[in-house]
Amino acid sequence: MRAVFVTRFGGPEVMVLGEAPDPVPGAGQVLVDVAFAGVTFVETQIRAGTDRWHERPELPFVPGSMVAGRVAAVGAGADSAWVGRRVLAGTGETGGFAERAVADAGELIPVPDGLDLSVALALHTDGSTALGLVEGARIEPGDWVLVEAAAGGVGSILVQLAAAAGAHVVAAARGTRKLDAARALGAAAVVDYSEPGWAERVREVTGGGPDVVFDGVGGAIGRAAFEVTARGGRFSVHGASSGEPTVVDPHEALDRGVRVLALEQLFTFGPRMHGWAEGIMAAAVAGRVRPMVGQTFPLDRAAAAHAAIESRQALGKTLITMN
């Protein structure tokens with residue numbers, strides 16, 4: 001089968017297409033014929049060797065941690081009823097950028113009829129995360145909610161979920177293309193955080209600062225967003241695409257009555273991700289939310305997919321297709 005290998009840690013160019021033997025499902029596992037593989041910003045950092053949250057894989061390795069496809073075979077002890085079913089499957093930290101992958105049968109998520117595999121995959125990690133973040137932030141009708149990186153995979157779904165909860169959403173992103181996309185998803189106002197004074201613009205639009213901030217950027221942008229958060233508000237951190245997470249002095253947060261949900265909150269999501277994934281897919285089938293699949297790359301252009309994400313040119317979710 002064809003697979004993409006990371007031959008050394010570095011830029012996207014370290015990813016090369018090659019041949020590998022078909023994996024064999026072990027006890028309790030299944031073999032999936034992959035149709036699509038998801039791409040995340042964290043995976044680009046793992047490839048670069050700069051990620052601080054995951055153990056470095058041994059070289060060479062096949063990147064990718066989540067795929068969508070159809071179950072082709074099962075290993076010992078796995079239910080044969082899975083064969084032929086369309087599923088989302090986690091491959092662990094590696095193994096997704098390949099025509100076939102193995103996954104634990106107990107972690108499979110069936111894809112509902114009527115939902116395209118690409119849509120289901122785009123919703124899984126980002127949609128599940130967004131649903132968990134919204135629950136944790138306890139958005140109330142009438143709240144002003146600031147979403148950073150609002151045209152990204154997680155951000156685009158946060159915009160929709162917050163608007164559906166009755167909040168007024170301010171979408172922050174870089175460039176007209178991304179701002180227009182966020183507005184089309186239901187944002188009440190948009191700001192370009194590459195422009196000077198953007199945070200003050202947020203304060204003006206919200207009449208004193210947002211009640212909830214979803215910080216997926218970190219660094220100077222995340223810090224500026226925290227500083228305009230309304231007194232008594234909630235500041236929820238879920239990413240650091242700038243390279244550094246937002247640093248908040250606990251005493252400063254306490255003085256302003258701001259509840260900070262730090263990046264570590266994501267480590268508590270694991271046991272509930274399955275339920276959130278099913279919930280977000282059901283919402284998509286019902287037409288209440290839709291992922292924004294901005295670009296799809298064939299397997300032999302996987303390096304270009306990573307480059308698009310790192311250059312901030314990607315819109316919404318980025319997928320790899322095996323066709």
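Reader: What should I know about the numbering and the values?
Author: Residues are numbered from 1 along each chain as its sequence is written, and side-chain values use heavy atoms, with hydrogens and water left out. Because the model is predicted, local features need pLDDT of at least 70 and side-chain atom pairs count only at pLDDT 80 or more, while totals for chains, interfaces and linings use all residues.

Reader: Are H2 and H3 parallel or oblique to each other?
Author: Helices here are DSSP runs of H or I with at least four residues, strands are E runs of at least two, and both are numbered from the N terminus. Helix H2 (residues 117–137) packs with helix H3 (residues 153–164) at an angle of about 50 degrees, their axes 8 Å apart; axes are lines fitted to C-alpha atoms, for helices over the stretch in contact, and angles run from 0 to 180 degrees between N-to-C directions. Angles under 35 degrees count as roughly parallel, over 145 as roughly antiparallel, 65 to 115 as roughly perpendicular and the rest as oblique. H2 and H3 are therefore oblique.

Reader: Which residues of H3 meet H2?
Author: Contact means heavy atoms within 4.5 Å. From H2, the residues taking part include Ala122, Leu123, Asp126 and Gly127. Their partners in H3 are Gly153, Val154, Ile157, Leu158 and Leu161.

Reader: How are H1 and H9 oriented to each other?
Author: Helix H1 (residues 41–48) and helix H9 (residues 302–310) have axes 10 Å apart and pack at about 110 degrees. Phe41, Glu43, Thr44 and Arg47 of H1 meet His306, Ile309 and Glu310 of H9. From that angle, H1 and H9 are therefore roughly perpendicular.

Reader: What kind of pair do Phe9 and Phe61 form?
Author: Rings of Phe, Tyr and Trp (its six-membered ring) pair if their centres lie within 6.5 Å; planes under 30 degrees apart count as stacked, over 60 as edge-to-face and the rest as tilted. The structure holds three such aromatic pairs. For Phe9 and Phe61 the centres are 6.2 Å apart and the planes stand at 40 degrees, so the pair is tilted.

Reader: Is Phe9 buried or partly exposed?
Author: Buried means under 20% relative accessible area, exposed over 50%, and partly exposed in between (1.4 Å probe, protein chains only). Phe9 has 21% relative accessibility, so Phe9 is partly exposed.

Reader: What kind of pair do Phe226 and Phe235 form?
Author: Both Phe226 and Phe235 are buried. Their ring centres are 5.4 Å apart and their planes stand at 85 degrees, so the pair is edge-to-face.

Reader: Where is His238, and is it buried or exposed?
Author: His238 lies in the loop between strand E12 (234–237) and helix H7 (250–256). Beyond its neighbours within four places in sequence, His238 is in contact with residues including Leu133, Val154, Leu158 and Leu263. With 13% relative accessibility, His238 counts as buried.

Reader: Which residues does Leu263 contact beyond its neighbours within four places in sequence?
Author: Leu263 is in the loop between strand E13 (259–261) and helix H8 (270–285). At 12% relative accessibility, Leu263 counts as buried. Its contacts are Trp53, Val237, His238, Gly239 and Pro245.
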